[in-house]
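Have the sequence and the 3D view open as you read.

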Amino acid sequence: MQAAMAGFALGFSLILAIGAQNAFVLRQGLRGEYVLPLVMTCAVSDAILIAAGVAGFGIIVEQMPTAVEFARWGGALFLIVYGAMSLRAAMKGGEALEEEGRNASSLWAAVSTCLVLTWANPHVYLDTVVLLGGISSQYSPAWGFGVGAVVSSFVFFFSLGFGARLLRPLFVSPRAWQVLDVVVGLTMWAIAAKLILG
């Protein structure tokens with residue numbers, strides 16, 4: 001139980017920082033678009049990566065610098081483009097959350113974006129596979145630590161995706177959407193810069 005609690009605490013603290021993936025889930029949660037498939041995509045992806053880390057794959061990732069570099073540059077490029085799209089939407093303005101909701105994108109497009117934001121981000125491998133995987137070896141049983149970390153991911157993403165609806169009244173205003181788009185765009189660009197600068 002102690003291992004699971006430690007895994008939960010560390011996993012939650014790592015995922016809590018605002019990032020590209022979290023910003024995307026928040027935005028979709030506010031719109032009420034494909035929330036369940038997206039939070040499941042994020043949480044299951046984390047579960048796979050954490051399980052790989054606990055199983056000892058962190059060492060393999062550390063020994064594959066070419067794959068990590070490819071993910072770094074590909075992820076940076078994607079974030080630059082996505083950030084530019086968000087900032088363009090903010091400048092264009094005029095968007096507001098309609099009470100009946102509207103599907104601005106397909107389920108496939110939303111899940112694909114979520115997968116890229118998750119799997120093309122090298123930091124996710126460092127956090128889940130290397131860091132959580134490495135620390136899990138200090139606990140007995142290691143899988144208990146991993147289960148705690150996986151549970152934290154599910155709790156976080158479900159809270160973020162479905163809890164976003166509490167902010168929906170605020171986002172009936174077009175101005176609030178402009179502010180969110182600016183924050184999302186700048187967040188994407190800041191993460192891209194961090195990836196590029198190493």
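At 26% relative accessibility, Phe-154 counts as partly exposed, a class that lies between buried (under 20% relative accessible area) and exposed (over 50%), using a 1.4 Å probe and protein chains only. The model is predicted, so local features need pLDDT of at least 70 and side-chain atom pairs count only at pLDDT 80 or more, while totals for chains, interfaces and linings use all residues. Residues are numbered from 1 along each chain as its sequence is written, and side-chain values use heavy atoms, leaving out hydrogens and water.

Helices here are DSSP runs (H or I) of at least four residues, numbered from the N terminus. Phe-158 is partly exposed too, with a relative accessible area of 27%. Phe-158 and Phe-162 also lie 4 residues apart in helix H8, about one turn, and Phe-162 is partly exposed at 33% relative accessibility.

How are the rings placed? Rings of Phe, Tyr and Trp (its six-membered ring) pair if their centres lie within 6.5 Å; planes under 30 degrees apart are stacked, over 60 edge-to-face and the rest tilted.

| Pair | Centres | Planes | Class |
|---|---|---|---|
| Phe-154 and Phe-158 | 6.4 Å | 20 degrees | stacked |
| Phe-158 and Phe-162 | 5.8 Å | 25 degrees | stacked |

Together, Phe-154, Phe-158 and Phe-162 form one aromatic cluster.

Notes:
Helix = DSSP H or I, 4+ residues; strand = E, 2+ residues; numbered from the N terminus.
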